[in-house]
Amino acid sequence: MPEEVLFKLESDQSREEIASYLRAVADKLDSGNAMTLKAGSESVTLNPPDRPTFEVKAEREGPAGNMTERSIEFELEWDENDGGESGGDEQLKIE
């Protein structure tokens, strides 16, 4: 499926800075308000529905035999044309 990147930012941040960004996203989700992502002259405003699909992925990457890069990805996904209802009853635990 084709993809159009509306906003992208990748930079080294401290754990505290990352936690602050994630808290700001969580606050917007809790309030039901739209969120605007801004960096320099780029910005995009998004308003996730009440029940978007939430994906969490942990990966190990790198060239064969040397897969030393780790990542955690959090993704909210929804169809702009529907109510955001989706399946998946599993409960995520972060300990």
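Biologist: What is the mean pLDDT of the chain, and how many of its residues reach 70 or more?

Modeller: The model is predicted. The chain has a mean pLDDT of 90, on a scale from 0 to 100. The level of 70 or more is reached by 93% of its residues.

Biologist: Where is confidence lowest, and where is it highest?

Modeller: The lowest is in β2, with a mean of 94. The highest is in α1, at 96.

Biologist: What makes β1 and β2 a pair?

Modeller: Pairing takes at least two bridges between two strands. Five bridges join β1 to β2, so they pair. The two strands run antiparallel.

Biologist: What lies between β1 and β2 in the hairpin?

Modeller: Two residues separate the strands. In the turn, Gly40 has a positive phi of about 60°.

Biologist: Why is the largest pocket called a pocket?

Modeller: A pocket is an open set of points with protein on both sides within 12 Å along at least five of seven lines, whereas in a cavity the probe cannot get out. The largest pocket has a volume of about 3,100 Å³. Of its 50 lining residues, the closest to the centre are Phe7, Leu37, Phe74, Glu75 and Leu76.

Biologist: Which element gives the most to this lining?

Modeller: α1 does, with ten residues. Elements giving two or more include β1 (35-39) and β4 (69-77).

Biologist: How do the lining residues divide by class?

Modeller: The lining has 26 nonpolar, nine polar and 15 charged residues. Phe7 and Leu37 are among the residues closest to the centre, and Phe and Leu count as nonpolar. Glu75 is also among the closest, and Glu counts as charged.

Key: Residues numbered from 1 in each chain as written. Predicted model: local features only at pLDDT ≥ 70, side-chain atom pairs only at ≥ 80, totals over all residues. Heavy atoms only, no water. 1 Å grid on protein atoms, 1.4 Å probe; cavity = no way out; pocket = protein on both sides within 12 Å on 5 of 7 lines; lining within 4 Å. Points joined across faces, edges and corners; volume = space filled by probe spheres on them. Helix = DSSP H or I, 4+ residues; strand = E, 2+ residues; numbered from the N terminus. pLDDT = per-residue confidence, 0-100.
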